Amino acid sequence: MELTTSDVTVRTLVLQHIACEPPGVFEDVLRERGAELHRVELDEGDALPDWRGFDAIVAMGGPMSATDDHELPWLTAEKTLIAEAVHAGRPFWGVCLGVQLLAASLGARVYPGPEPEVGLLPVTVTDEARDDPVFADAPTELVTLQWHGDTFDLPERAVRLASSPAYANQAFRVERAYGVQFHLEVSSAMAREWAEVPEYVSSLERTLGREGGPAFLAAIEDRAEEMRVAGRELFERWLDRVVASAVPTAAAP
């Protein structure tokens with residue numbers, strides 16, 4: 001019988017960088033499956049635990065850059081943790097800032113893109129992704145929530161999994177570590193919270209104009225469930241096809 005994460009307890013370390021960017025639908029899936037979650041809010045000064053006590057790591061987004069080490073020294077420690085865990089074979093799932101931290105921790109460059117990518121925009125799953133356990137069953141095109149200005153180069157040994165017209169590197173895998181630049185986890189309630197974050201509001205006004213921001217947030221609410229379904233499917237496959245095989249279990253079910 002194939003082992004899934006419904007059969008084992010997955011001890012999950014959640015790296016969070018702002019309160020309004022939790023794992024969303026990814027957290028829903030983890031809780032449905034009885035996972036143990038240990039949330040670290042780095043922007044609030046929470047200490048990083050020993051990653052060896054966890055079966056998987058989920059790193060979420062935030063308003064800072066992955067290169068803001070001078071202003072936010074905890075980023076250096078976080079990237080060290082990610083590098084050690086990924087090199088040791090721990091399953092990792094990074095979103096937006098999380099994918100940039102993954103790239104940086106594996107030695108790749110993270111830098112400002114030519115222009116911000118903001119909106120409900122399509123990404124295309126690559127040909128290489130058709131051999132990937134997580135992305136192989138995904139549709140060729142996914143509607144995603146994009147809200148970023150930085151981008152990254154692919155680390156060594158990375159497999160590109162998705163691209164967009166504006167940014168070639170939208171998702172990649174290195175062994176059991178996965179990162180996606182886009183958001184598929186966001187609920188309508190989360191979108192409303194983002195509208196209260198000054199950094200996010202000013203970012204929207206610079207990119208979309210004063211009128212464009214509210215329209216964008218309304219569009220997120222309208223299509224949140226569609227994106228969450230796609231996000232749930234990807235995350236469940238990561239759990240069942242990547243994490244489950246890495247979690248120690250005393251006995252098969």
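**Helices and a pocket**

Author: Let us begin with helix H2, residues 74-87, which has 14 residues and reaches 20 Å from its first C-alpha to its last, close to the 20 Å expected at 1.5 Å a residue. Please keep in mind throughout that this is a predicted model.

Reader: Okay, and which residues of H2 are buried?

Author: The buried residues in H2 are Leu75, Glu78, Lys79, Leu81, Ile82, Ala83, Ala85 and Val86.

Reader: What covers them?

Author: The cover over the buried residues of H2 includes strands S1 (11-16), S3 (56-59), S4 (92-95) and S9 (177-180), together with helix H3.

Reader: And what is H2 followed by?

Author: H2 is followed by Gly89, and the phi of Gly89 is positive, near 95 degrees.

Reader: Switching topic: what does H5 span between its end C-alpha atoms?

Author: H5 spans only 40 Å between those atoms, whereas a straight helix of 49 residues would span 72 Å at 1.5 Å a residue.

Reader: Where is the kink in H5 centred?

Author: The kink, of about 120 degrees, is centred on Leu208.

Reader: Now the largest pocket: what is its volume, and which residues lie nearest its centre?

Author: Its volume is about 460 Å³, and of the 22 residues that line the largest pocket, Gly62, Pro63, Trp147, His148 and Gly149 lie nearest its centre.

Reader: Which element gives the most to that lining?

Author: H5 gives the most, with 5 residues, and the elements that each supply at least two residues include H3 (97-105), strand S5 (110-125) and strand S6 (141-152). By type, the lining of the largest pocket divides into 9 nonpolar, 8 polar and 5 charged residues.

Notes: Residues numbered from 1 in each chain as written. Predicted model: local features only at pLDDT ≥ 70, side-chain atom pairs only at ≥ 80, totals over all residues. Heavy atoms only, no water. 1 Å grid on protein atoms, 1.4 Å probe; cavity = no way out; pocket = protein on both sides within 12 Å on 5 of 7 lines; lining within 4 Å. Points joined across faces, edges and corners; volume = space filled by probe spheres on them. Helix = DSSP H or I, 4+ residues; strand = E, 2+ residues; numbered from the N terminus. Nonpolar A, V, L, I, M, F, W, Y, C, P; charged D, E, K, R; others polar. Expected span 1.5 Å × (residues − 1). Bend = angle between axes of the 7 residues up to and from the residue. Buried < 20%, exposed > 50% of the residue type's maximum accessible area, 1.4 Å probe, protein only. Contact = heavy atoms within 4.5 Å.
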